[in-house]
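Me: Could you walk me through reading some features of a protein model? I would like the general idea each time, and then the case at hand.

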Amino acid sequence: MEIGIIHLTDLHITKDTNLSDKINSLCQAIKNDLSAINKRYLVISGDITNIGRKEEYENAEKIILKIKTELQISKIIVVPGNHDCNFDNDTQLRRNTISTPDYDVLGEDGSIISTSLGVQKDFWEFYIKLNNLPDDKIAYQIIDKFNDKEICFHCFNTAWMSKKKENPGNLFFPVNLIKKHKNKYDLNISVLHHPLNWFSPNTQKNNKNEFQDFLDNISSLKLIGHEHESKLIKRKNLDLNTETLEFSGQIFNNNSAEDSGFQIIKICINTRKGFIKKYEWVNKIYSSNLEKKINLQKLRNRKLNLKDSFIEYLNDIKIPLSIGEKDIKLSDIYVFPDIEKKELDYDSLDSYIDSEEIISNNVNNKIILEGESQIGKTSLIQMLFQQFYQAGYYPIILDSEKINKTDFNKLVKMNFGEIYLDYENNCERFLQLDKKEKVLLIDDIHRIKLNSKQLEIFIEKAIDLYSTIIVTIDSASGLSADFQTVFGDFDQYSIKQLGYKKTNDLIVKYFSLKEDAFSISEQQKLERIKYTFNQVRSLLGDKILPSYPIFILSLLKTLDDSAYSLKETSYGYCYESLLYFALKSKAKLKEENLSKYLAFLEKLAYQQFLNEEIEFSEIYFKEFHKEYRDKYIIDEYSILKENLINSYIIKGYDNSYHFGYKYIFYYLVAKHISGIIKEDEGKEIVKNLFSNLHIEENANILVFITHHTKDVEFIQESVLQAMEPFESIKPITLHKDCDYYNLLKDLGKKVSEEIINVDIDPLKKRDEILCAYDKEIKARDELSKNKDISNVNFDEHMIPFIKAFKSIDIVSQIIKNRIGYLTKSEITEYLSELYLTGFRLIGAVGKSFLTEKDELTKELISIILEEIKKNAKGREYLLKNPVAIEDIEKKVNQFFQVINLQICLSVFSKLVDSLGIKDIETKELYNTVANNINTPASKLVTFSIISYHYGVSTGEIKKLAKELESNPVAYRILKARVISYVYNNHLDYRKKQTISSILNLKMQPTAKITSDKQ
């Protein structure tokens, strides 16, 4: 009782297409794989032709009938794709009709659909030669019987409203008008051309979700085309309790390239099991590159189904978040955080696990997850519940605060009724399930109302009845000795903040939910994501504000809702909004009390800053409150303390208190200083901050001051003073007579043939870069573990370098925050000063290196020679032909050159990151700065800023390349910047070709580059 399905897609046949070689190889491969199967189906999921013309269909008919004859095909299943539409037959009426599709526009008489199908006239004339013409050309069925079983191919014409140029998120499929498609056959397979992300989520009834749910409900397998990429996806729908397989096929014929593939699927009708085998065209023959077992599920009749009210709870975000008119569900926006295993002998760089993989990662089935307040422990529990339930388990969540007795089953029964339907019939069924099917989730175990002995009994009972137990605990509570005893067998993990990659993932998800997400180009989408990512990272600072999902979402919402642009006061506005959010949402303060609390917190933070204390005692807190309340209006102490603790702005432990997050402290201190900035006290404080700019706290407070005040004159003067140590250093130019150029010149001569990977995906490249940043952060955190780096005593020679580096940040923040108050000439002056500060910084490093070069070279050569002798011990014959000192010296010099190039590029990157402002009025000022300084270095920095924030034309690249081509070092840096630009933007093939030609770069696809390297 087995059937075989041959799935082809995107044939793109023209009147001249000859596929003889491919068809012969395909038929031979299938005869081998399906030799024992008599029931064979050929499924073509769209784009049979290239432009939908009659002569193309005539050629396609010959090719398809040859396959049918050779393979003894029982049925041919074909759906049209966008390339099967003959747009020569398109009309203005049709274009107007499909511009804003919705049920209100379509009506019920079918006239609009009938009009829209006019471009498919040639397709249907071709179709009738293969099958009977369907009554409904939008959705039709091909049903076949195999012994006593019925197989139904549900066919959907997703190209009915296709246009010459169509973007993801713009299509519409009239699900409401489809009547006869039901999940009533023994095997239900849906065939369609466009993947679901091509359908609009912005119609009155989200058409993407509507069509997705419909397909999930009627079929256990979907065969899809269009995107030319083979993908195997298993989809689980929590609401419908369904599991479907989605198989997208590789392009079969490209006409201009050798890319080609197809897949065959074998299914046993009785067991619904089988395999999929993928083939790819390699060396003039189809070779299998994957074979995978599959299991087609029917609609899952779960033993226990969830209540609608509980599904709503699982998708509650806990903050008021809407995008446009949409209320957002947790599952729409959630990004699973990494978790880190807590073992003393564990290498933390390899101990990170994506929490989404808890089920499949073969971790211990008893887990305790530790995390800071607001890091998202409850949301993680909600999402893990959904994951386990979708995977076929039956989870239950217990609220720790309600656990006040050790009658375990009674507690479970109480919670069961809130989670699952039909308590009377199903509760006992749940209790009697095999423990392997059940999962216990307990949130905030530190709030449990049991003593240590009772807790031990409780957990022992849980372990006896549940195969998997996951609990969360607040980091502040920690695992006490009693807890350690009870949870000794549990694997302990800490929940990590979202890194660069996962922050970006969250932003991508956020923007995918916006109304215009599918109406803008991929490049516009990428630019928006990068711009917002930079805003969020700037607002988060370097660990000033923890990158918790709740904060990131609040920032995104604040940036969306703000009436300000980020050119002036809106950074300050964002932080203030976050404080309002903490006080309103967490402490439940009324609007009229917010300003009173903010004023109190500002004074408290400033006093702590003056005291140079991080923590303060209960006695101090009470005394400060009393003195403050004598002068100002504020709640009594017990109420105020409770509200601040509940908001997490103040954290307390064992009668000791401190500000919950550094960002709150820095922000409030800076807010107070900005209020006294013209007074002697304020000026003295700012002067001291600049004098000790190398200390993290001081630099961050100064950056925050720029968010609060418009008066920046004295700050500018102070920053210029911080730059003074390098005033005597000559800024590098990268001209050939530049000392620093001479440190790098040999690198410029030794440039191997450079290659542009033409098919690289900018989104994947961005993910790679962000993952690399995350890895660096992890490594840095590992180095600083168990060390207090906030009070490091820096070498006095290092302090000027650190000050200069920090100064670049502070002045750039002044420019960004005050851009509306500065003249163009002032902005140009400050930018020029920052460029030169960076160049002097590089020059100072180069000068130090040249001073020490001979000594460093001698020392390194000595170490290398000693290492050679050490490695040759016992094998002295290796020393008969010793390495020449000259060769070692040459290698050492090359090493120093690479180090100096990296220093140069690091400072360049700092300038690009700090100085870049995406404002079209500012763009030309960067060119002015480059031309005023008029050095290769200045032009490379300007090019880097403009290419990242605005994009560059081939003309701009050509002009700079011509100017720098006689300068090997600068030309090499330019090539690196241009390749980075190509990889990080969606550019069409022609522009890539032009760029490659300008810089003499070789264009190759990924596979070819990999092959060459091998």
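Me: What should I know about the model and its numbering before we start?

Reply: This is a predicted model, in which local features need pLDDT of at least 70 and side-chain atom pairs count only at pLDDT 80 or more, while totals for chains, interfaces and linings use all residues. Residues are numbered from 1 along each chain as its sequence is written, and side-chain values use heavy atoms, with hydrogens and water left out.

Me: How many helices and strands are there in the protein chain?

Reply: Helices (H or I, at least four residues) and strands (E, at least two) are DSSP runs, numbered from the N terminus. Here the protein chain has 36 helices and 26 strands.

Me: What percentage of the residues of the protein chain count as buried?

Reply: Buried means under 20% relative accessible area, exposed over 50%, and partly exposed in between, with a 1.4 Å probe and protein chains only. By that rule, 52% of the 1014 residues of the protein chain are buried. As for contacts (heavy atoms within 4.5 Å), take those in the protein chain with a separation of 6 or more: 75% of them come from residues 24 or more positions apart.

Me: And how do I read a pair of packed helices?

Reply: Two packed helices are described by the angle between their axes and the distance between the axes. Axes are lines fitted to C-alpha atoms, for helices over the stretch in contact, and angles run from 0 to 180 degrees between N-to-C directions. Take helix 23 (residues 680–691) and helix 24 (residues 696–708): their angle is about 130°, and their axes are 9 Å apart. Angles under 35 degrees count as roughly parallel, over 145 as roughly antiparallel, 65 to 115 as roughly perpendicular and the rest as oblique. Helix 23 and helix 24 are therefore oblique to each other.

Me: Which residues make the contact between helix 23 and helix 24?

Reply: Helix 23 brings V686, L689 and F690, and helix 24 brings N698, I701, L702 and I705. For the classes, Ala, Val, Leu, Ile, Met, Phe, Trp, Tyr, Cys and Pro count as nonpolar, Asp, Glu, Lys and Arg as charged, and the others, Gly among them, as polar. The contact of helix 23 with helix 24 has six nonpolar residues, one polar and no charged ones.

Me: At what angle do helix 19 and helix 20 pack?

Reply: Helix 19 (residues 591–611) packs on helix 20 (residues 618–631) at about 125°, with axes 11 Å apart. That makes helix 19 oblique to helix 20. Their contact includes K596, F600 and N611 of helix 19, and Y620 and Y628 of helix 20. By class, it has seven nonpolar, four polar and two charged residues.

Me: Where is S219, and is S219 buried or exposed?

Reply: S219 belongs to the loop between helix 7 (207–218) and strand 7, and is buried, with a relative accessible area of 6%. A polar contact is a pair of N or O atoms within 3.5 Å; within protein, one must be able to donate a hydrogen and the other to accept it, and residues adjacent in sequence count only if both atoms are side-chain atoms. The side chains of S219 and S190 are joined by a polar contact of 3.0 Å, and the S219 side chain also reaches the backbone oxygen of L215 at 2.7 Å.

Me: Which residue's side chain makes a polar contact with the side chain of N24?

Reply: That is K66, at 3.3 Å. N24 lies in helix 1 (residues 20–33) and is partly exposed at 43% relative accessibility.
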